[in-house]
Amino acid sequence: MSAQPPAVRASDAERERTVDLLRTHAGDGRLSLEELAQRIDAAYASRTREELETVTADLPLAVTGPGQTPRRGAKRLTGVVFGSVERKGRWRLPRRALVFVGFGDADIDLRTAQIDGDVVTLVACIFFGNADFYVPEGVDVDLGGLTLFGHRGEHGKDVPPSPHSPFVRLRVYALFGTADVWRIPRGATGTYRDLVKSIRRARKLGAG
(Lines give C-alpha, C1' and ligand atoms only; values in the text may rest on other atoms or scores of the structure.)
Protein backbone atom coordinates (compact mmCIF):
# COMPACT_ATOMS: atom_id res chain seq x y z
CA MET A 1 0.00 0.00 0.00
CA SER A 2 1.33 3.40 -0.95
CA ALA A 3 1.39 6.18 1.59
CA GLN A 4 -0.98 9.09 1.05
CA PRO A 5 0.89 11.92 -0.67
CA PRO A 6 1.52 14.95 1.54
CA ALA A 7 -0.77 17.95 1.24
CA VAL A 8 0.54 20.67 -1.07
CA ARG A 9 1.31 23.93 0.70
CA ALA A 10 -0.55 27.04 -0.42
CA SER A 11 1.53 30.01 -1.51
CA ASP A 12 1.01 33.66 -0.59
CA ALA A 13 0.08 34.39 -4.21
CA GLU A 14 -2.61 31.69 -4.12
CA ARG A 15 -4.06 33.15 -0.93
CA GLU A 16 -4.15 36.61 -2.49
CA ARG A 17 -5.91 35.27 -5.61
CA THR A 18 -8.50 33.59 -3.40
CA VAL A 19 -9.11 36.82 -1.48
CA ASP A 20 -9.50 38.74 -4.76
CA LEU A 21 -12.04 36.15 -5.91
CA LEU A 22 -13.95 36.49 -2.63
CA ARG A 23 -14.12 40.26 -3.05
CA THR A 24 -15.45 39.88 -6.58
CA HIS A 25 -18.18 37.51 -5.43
CA ALA A 26 -19.06 39.88 -2.59
CA GLY A 27 -19.47 42.66 -5.14
CA ASP A 28 -21.73 40.38 -7.18
CA GLY A 29 -23.94 39.86 -4.13
CA ARG A 30 -22.97 36.28 -3.32
CA LEU A 31 -21.35 37.11 0.03
CA SER A 32 -22.44 39.42 2.81
CA LEU A 33 -20.05 41.64 4.76
CA GLU A 34 -19.87 39.12 7.60
CA GLU A 35 -19.35 36.18 5.23
CA LEU A 36 -16.63 38.06 3.37
CA ALA A 37 -14.75 38.84 6.59
CA GLN A 38 -15.03 35.23 7.75
CA ARG A 39 -13.75 33.81 4.47
CA ILE A 40 -10.88 36.26 4.23
CA ASP A 41 -9.81 35.10 7.70
CA ALA A 42 -10.07 31.47 6.56
CA ALA A 43 -8.11 32.15 3.36
CA TYR A 44 -5.17 33.73 5.16
CA ALA A 45 -5.22 30.96 7.77
CA SER A 46 -5.10 28.19 5.13
CA ARG A 47 -1.84 26.28 5.11
CA THR A 48 -2.56 23.90 2.20
CA ARG A 49 -4.23 24.16 -1.19
CA GLU A 50 -6.93 21.79 -0.01
CA GLU A 51 -7.82 24.08 2.89
CA LEU A 52 -7.77 27.07 0.56
CA GLU A 53 -10.09 25.40 -1.94
CA THR A 54 -12.73 24.83 0.75
CA VAL A 55 -13.01 28.62 1.21
CA THR A 56 -14.51 29.01 -2.28
CA ALA A 57 -15.96 25.51 -2.70
CA ASP A 58 -19.56 26.77 -2.94
CA LEU A 59 -18.73 29.66 -5.29
CA PRO A 60 -18.42 29.50 -9.09
CA LEU A 61 -14.87 29.44 -10.38
CA ALA A 62 -15.63 31.83 -13.20
CA VAL A 63 -16.84 35.35 -12.47
CA THR A 64 -20.20 36.11 -14.04
CA GLY A 65 -20.10 38.67 -16.81
CA PRO A 66 -21.88 42.04 -16.64
CA GLY A 67 -25.63 41.83 -16.89
CA GLN A 68 -25.80 38.07 -16.26
CA THR A 69 -26.42 38.26 -12.52
CA PRO A 70 -29.25 40.51 -11.27
CA ARG A 71 -28.03 42.75 -8.48
CA ARG A 72 -29.98 44.38 -5.71
CA GLY A 73 -30.38 48.13 -6.00
CA ALA A 74 -27.94 50.07 -3.85
CA LYS A 75 -29.47 51.74 -0.80
CA ARG A 76 -27.85 55.15 -0.99
CA LEU A 77 -30.24 56.83 1.45
CA THR A 78 -31.92 55.64 4.62
CA GLY A 79 -34.02 58.28 6.33
CA VAL A 80 -36.62 58.76 9.03
CA VAL A 81 -38.42 61.76 10.54
CA PHE A 82 -40.63 61.41 13.62
CA GLY A 83 -40.48 57.62 13.55
CA SER A 84 -38.15 54.64 13.33
CA VAL A 85 -36.48 52.73 10.54
CA GLU A 86 -34.54 49.47 10.21
CA ARG A 87 -32.12 48.61 7.44
CA LYS A 88 -31.31 44.91 7.63
CA GLY A 89 -31.10 41.72 5.62
CA ARG A 90 -29.07 41.27 2.44
CA TRP A 91 -29.19 44.89 1.36
CA ARG A 92 -26.57 46.40 -0.90
CA LEU A 93 -24.33 49.11 0.55
CA PRO A 94 -22.68 51.27 -2.12
CA ARG A 95 -19.30 52.92 -1.75
CA ARG A 96 -21.00 55.99 -0.27
CA ALA A 97 -24.35 56.10 1.54
CA LEU A 98 -26.28 58.51 3.76
CA VAL A 99 -28.38 57.97 6.88
CA PHE A 100 -30.65 60.83 8.00
CA VAL A 101 -32.49 60.79 11.33
CA GLY A 102 -34.72 63.61 12.57
CA PHE A 103 -36.63 63.12 15.82
CA GLY A 104 -36.45 59.36 15.36
CA ASP A 105 -34.48 56.16 15.65
CA ALA A 106 -32.56 54.10 13.11
CA ASP A 107 -31.14 50.60 13.30
CA ILE A 108 -28.56 49.96 10.56
CA ASP A 109 -27.47 46.33 10.39
CA LEU A 110 -24.31 45.86 8.32
CA ARG A 111 -23.73 42.20 9.20
CA THR A 112 -25.54 40.78 6.19
CA ALA A 113 -25.10 43.77 3.89
CA GLN A 114 -23.51 43.30 0.48
CA ILE A 115 -20.79 45.87 -0.10
CA ASP A 116 -19.42 47.53 -3.23
CA GLY A 117 -15.64 47.67 -3.12
CA ASP A 118 -13.04 47.29 -0.40
CA VAL A 119 -13.94 50.55 1.37
CA VAL A 120 -17.40 51.96 2.03
CA THR A 121 -18.28 55.31 3.59
CA LEU A 122 -21.48 55.78 5.56
CA VAL A 123 -22.40 59.33 6.59
CA ALA A 124 -25.04 59.77 9.30
CA CYS A 125 -26.77 63.10 9.99
CA ILE A 126 -28.73 62.95 13.25
CA PHE A 127 -30.91 65.71 14.71
CA PHE A 128 -32.73 65.01 17.98
CA GLY A 129 -32.57 61.27 17.44
CA ASN A 130 -30.30 58.28 17.60
CA ALA A 131 -28.83 55.63 15.35
CA ASP A 132 -27.37 52.22 16.13
CA PHE A 133 -24.98 50.47 13.75
CA TYR A 134 -24.41 46.72 14.01
CA VAL A 135 -21.19 45.35 12.50
CA PRO A 136 -19.60 41.90 12.67
CA GLU A 137 -16.46 41.41 14.72
CA GLY A 138 -13.33 41.48 12.60
CA VAL A 139 -14.52 44.24 10.26
CA ASP A 140 -12.46 47.42 10.50
CA VAL A 141 -14.65 50.41 11.40
CA ASP A 142 -13.36 53.98 11.57
CA LEU A 143 -15.82 56.11 13.54
CA GLY A 144 -15.53 59.88 13.33
CA GLY A 145 -17.46 63.09 12.79
CA LEU A 146 -18.84 65.84 15.03
CA THR A 147 -21.41 65.58 17.82
CA LEU A 148 -22.96 68.50 19.72
CA PHE A 149 -25.01 67.74 22.83
CA GLY A 150 -24.97 63.99 22.30
CA HIS A 151 -22.49 61.15 22.06
CA ARG A 152 -20.76 58.66 19.77
CA GLY A 153 -19.76 55.28 21.14
CA GLU A 154 -18.24 51.94 20.16
CA HIS A 155 -19.10 48.77 22.02
CA GLY A 156 -18.08 45.14 21.93
CA LYS A 157 -14.83 43.31 21.39
CA ASP A 158 -12.54 45.14 18.99
CA VAL A 159 -11.11 42.12 17.15
CA PRO A 160 -8.00 43.02 15.08
CA PRO A 161 -9.00 42.85 11.40
CA SER A 162 -7.28 40.50 9.00
CA PRO A 163 -5.08 41.90 6.22
CA HIS A 164 -7.21 43.42 3.46
CA SER A 165 -10.42 42.94 5.45
CA PRO A 166 -13.40 45.16 4.52
CA PHE A 167 -13.12 48.73 5.79
CA VAL A 168 -16.15 50.75 6.88
CA ARG A 169 -15.72 54.49 7.32
CA LEU A 170 -18.54 55.86 9.49
CA ARG A 171 -18.92 59.62 9.82
CA VAL A 172 -21.54 60.90 12.26
CA TYR A 173 -22.71 64.51 12.45
CA ALA A 174 -25.20 64.92 15.29
CA LEU A 175 -27.02 67.72 17.09
CA PHE A 176 -28.76 66.50 20.24
CA GLY A 177 -28.27 63.01 18.87
CA THR A 178 -26.53 59.76 19.68
CA ALA A 179 -24.79 57.13 17.58
CA ASP A 180 -23.47 53.77 18.73
CA VAL A 181 -21.51 51.07 16.94
CA TRP A 182 -22.12 47.55 18.24
CA ARG A 183 -19.60 44.86 17.28
CA ILE A 184 -21.57 41.63 17.16
CA PRO A 185 -19.83 38.26 17.67
CA ARG A 186 -20.11 35.90 14.74
CA GLY A 187 -23.08 33.62 14.99
CA ALA A 188 -24.88 35.75 17.58
CA THR A 189 -28.65 35.88 17.12
CA GLY A 190 -31.59 37.63 18.73
CA THR A 191 -33.30 40.97 18.63
CA TYR A 192 -31.25 44.14 18.58
CA ARG A 193 -32.16 44.68 22.23
CA ASP A 194 -30.89 41.19 23.08
CA LEU A 195 -27.63 41.77 21.22
CA VAL A 196 -27.04 45.09 22.96
CA LYS A 197 -27.77 43.56 26.37
CA SER A 198 -25.32 40.72 25.76
CA ILE A 199 -22.54 43.14 24.82
CA ARG A 200 -23.18 45.30 27.86
CA ARG A 201 -23.25 42.19 30.08
CA ALA A 202 -19.94 41.02 28.65
CA ARG A 203 -18.42 44.45 29.27
CA LYS A 204 -19.53 44.42 32.92
CA LEU A 205 -18.10 40.92 33.40
CA GLY A 206 -14.81 41.99 31.87
CA ALA A 207 -14.64 45.03 34.14
CA GLY A 208 -15.52 43.01 37.23
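Modeller: Before we begin, a helix here is a DSSP run of H or I with at least four residues, a strand is a run of E with at least two, and both are numbered from the N terminus. Please keep in mind that this is a predicted model.

Colleague: Which helix gives the largest share of the lining of the largest pocket?
Modeller: The lining includes Glu-14, Arg-17, Thr-18 and Leu-21, along with others such as Arg-49 and Leu-52. Two helices, H1 (12–27) and H3 (49–55), each supply at least two of the lining residues. The largest share, four residues, comes from helix H1.

Colleague: How many residues of that lining of the largest pocket are charged?
Modeller: The pocket in question holds about 230 Å³ of space. Its lining residues divide into four nonpolar and two polar, and the charged ones number four.

Colleague: Which residue in E8 is the bridge partner of Asp-109?
Modeller: Strand E5, residues 105–109, runs parallel to strand E8, residues 130–136, and five bridges join the two. In E8, the bridge partner of Asp-109 is Tyr-134.

Colleague: Which element gives the most to the lining of the second largest pocket?
Modeller: This pocket has a volume of about 190 Å³, and among its lining residues are Asp-107, Tyr-134, Asp-180, Tyr-192 and Arg-200. Strands E8 and E12 (178–184) and helix H4 (192–207) each supply at least two lining residues. With four residues, the element that gives the most is H4.

Colleague: What percentage of the residues in the protein chain is buried?
Modeller: The C-alpha atoms fill a box of roughly 75 × 50 × 25 Å, taken along the principal axes. A residue counts as buried when its relative accessible area is under 20%. For the 208 residues in the protein chain, the buried part comes to 43%.

How values were computed
Residues are numbered from 1 along each chain as its sequence is written. This is a predicted model: local features need pLDDT of at least 70, side-chain atom pairs count only at pLDDT 80 or more; totals for chains, interfaces and linings use all residues. Side-chain values use heavy atoms; hydrogens and water are left out. Two strands pair if DSSP finds at least two bridges between them. On a 1 Å grid over the protein atoms alone, a cavity is a set of points where a 1.4 Å probe fits but cannot get out, and a pocket is an open set with protein on both sides within 12 Å along at least five of seven lines; lining residues have an atom within 4 Å of a point. Grid points are joined across faces, edges and corners, and a volume is the space filled by probe spheres set on the points. Ala, Val, Leu, Ile, Met, Phe, Trp, Tyr, Cys and Pro count as nonpolar, Asp, Glu, Lys and Arg as charged, and the others, Gly among them, as polar. Buried means under 20% relative accessible area, exposed over 50%, partly exposed in between (1.4 Å probe, protein chains only).
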